[in-house]
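Welcome to a set of exercises on reading a protein structure. Take a look at the sequence and the 3D view, then work through each task and compare your steps with the solution.

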Amino acid sequence: MEENRKENTVSRWRLILGQEAESQLASCNEDGQLGLTEEELIMDAALAAIYDESAAAGSAKGGSGTGAGRGSSAGHGSLNLSKWLGDVRSFFPEDVVSIIQNDAMERKGWKQLLFEPELLASVKPDIQLVGTLLSLKGKIPEKTKDTARLLVKAVVDELVKLLETDIRRAVTGALNKRQHSPLPSLSGLDWKRTIQRNLKHYDTERRVIIPEKFYYFDRAQRSREWTVIIDIDQSGSMADSIIWASVVGSIFASIPALNTRVVVFDTEVVDLTEQCANDPVDMLFGIQLGGGTDIHKSVKYCEQFIEEPKKTLFIIVSDLYEGGNQSGLIRRMREMRESGVRTMCLLALSDKGKPFYDEGLAKQLSRDGTPCFACTPALLPALVEGALKGQDLAELSKRIGTL
């Protein structure tokens, strides 16, 4: 048993370190041999195609290349790449598959090869892949667009499942949607609750319910109680955050009590509210990653949608590297806050680590009452609920552990 465990450990290190470490690791075994299983050989070849420099050199010269000196490399042919994708998905855990796929695109320049429909259909859809597709969407040929859209939709649907219940619960809890009003109004009559509460007053002879008390919904619950504006920086460094923010915007747009506006910006401002409400996938394909940044211009544009400041939540999703009027941005955000708007800046909305951002501008906005922090998607519902309830978001962010 101990010997098997030792061999497994040595084999794992061999897969991690590659062919160059084989002779040193073989000496760890009593017989001086390092025998990889058939499955490990396939895994070794798949890893070598991406991480082994000698395999890369073989591919660059037009040869077949070798995976750690054994199996054939993925190479650059569509048939080999298709086999490589299948091997990766078959023999590695899902979270590792995502890492290897993205390393393949970045290290080997295989992005263009993913424009073949049959190859793209073999890739595991994840948020990094969506970001890659969006950054290249202007180059995607017509024959691949439908496949690309299906992959993006699969990821968006999964993200909606992860967030929708918690966000709806947070908004409902904050607004107390089902609070009843004593003021009579036929249009606001809660028929279901009125009938349920008066069943004991059923008249068997006349076969009717004689209500003792009527229940009404508050009039405010039938209209949009709050305006939520999401202002999203579409610079290339914000790719993951853009995807998450778009999903969050679509969920907000589906909640009747919220009047949701979704705006994206670089040096220009684009209003994607309609696309977001109808189909977040359409919205994502309406985003143009890259370019400069003019946050001030976008905030100025968004101000027109603030009709009732004390019932407005304004969320900027940006790393705050402002290429426009920084002093104007600070002034507008301060005035917005002083008017009663509840504001926050998400420096990143993703599951990745601490982001890069303009610390000076973040500190200035925070001093003026707009807390700035990075946030994982799982923590966002608590922040939204806190904002709608009027809680101190800076203190709340510390309490729930944002970055």
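**Exercise 1. How much accessible surface does the chain have, and what share of that belongs to carbon and sulfur atoms?**

Step 1: The accessible surface of the chain comes to about 20600 Å², computed by the Shrake-Rupley method with a 1.4 Å probe, where for residues only the protein chains shown count as cover.
Step 2: Carbon and sulfur atoms hold 50% of this surface.

Before you go on, here is some background. This is a predicted model, in which local features need pLDDT of at least 70, side-chain atom pairs count only at pLDDT 80 or more, and totals for chains, interfaces and linings use all residues. Residues are numbered from 1 along each chain as its sequence is written, and side-chain values use heavy atoms, leaving out hydrogens and water.

**Exercise 2. Describe the chain as a whole: its helices and strands, its burial and its contacts.**

Step 1: The chain has 18 helices and 12 strands; these are DSSP runs numbered from the N terminus (helices: H or I, at least four residues; strands: E, at least two).
Step 2: Of its 403 residues, 47% count as buried. Buried means under 20% relative accessible area, exposed means over 50%, and partly exposed lies in between (1.4 Å probe, protein chains only).
Step 3: Take the contacts with a separation of 6 or more: 73% of them join residues 24 or more positions apart. Contact means heavy atoms within 4.5 Å.

**Exercise 3. At what angle do helix 8 and helix 11 cross, and which residues make the contact?**

Step 1: The axes of helix 8 (residues 127–135) and helix 11 (residues 239–253) come within 9 Å and cross at roughly 105°. Axes are lines fitted to C-alpha atoms, for helices over the stretch in contact, and angles run from 0 to 180 degrees between N-to-C directions.
Step 2: Helix 8 and helix 11 are therefore roughly perpendicular. The classes are roughly parallel under 35 degrees, roughly antiparallel over 145, roughly perpendicular from 65 to 115, and oblique for the rest.
Step 3: Helix 8 contributes Ile127, Gln128, Val130, Gly131 and Leu134, while helix 11 brings Asp240, Ile243 and Trp244.
Step 4: Sorted by class, this contact has 5 nonpolar, 2 polar and 1 charged residues. Here Ala, Val, Leu, Ile, Met, Phe, Trp, Tyr, Cys and Pro count as nonpolar, Asp, Glu, Lys and Arg as charged, and the others, Gly among them, as polar.

**Exercise 4. Work out the surroundings of helix 17, starting with its burial.**

Step 1: Helix 17 (residues 380–388) is mostly covered, with 7 of its 9 residues buried. They are Leu380, Pro381, Leu383, Val384, Gly386, Ala387 and Leu388.
Step 2: The axes of helix 17 and helix 9 (residues 142–175) come within 9 Å and cross at roughly 15°. That makes helix 9 roughly parallel to helix 17.
Step 3: On the helix 9 side, Asp166, Ile167, Ala170, Val171, Gly173, Ala174 and Leu175 meet Pro381, Val384, Glu385 and Leu388 of helix 17. By class, there are 8 nonpolar, 1 polar and 2 charged residues.
Step 4: Gly390, with a positive phi near 80°, follows helix 17.

**Exercise 5. Arg207 and Leu320 both have a positive phi. Which is buried and which is exposed?**

Step 1: Arg207 has phi near 55° and sits in the loop between strand 4 (202–203) and strand 5 (208–209).
Step 2: Arg207 is exposed, with a relative accessible area of 66%.
Step 3: Leu320 has phi of about 65° and lies in the loop between strand 10 (312–317) and helix 15.
Step 4: Leu320 is buried, at 0% relative accessible area.

**Exercise 6. Which residues does Asp358 contact beyond its neighbours within four places in sequence?**

Step 1: Asp358 is in the loop between strand 11 (342–349) and helix 16.
Step 2: Setting those neighbours aside, Asp358 touches Asp319, Leu320, Tyr321 and Gln326.
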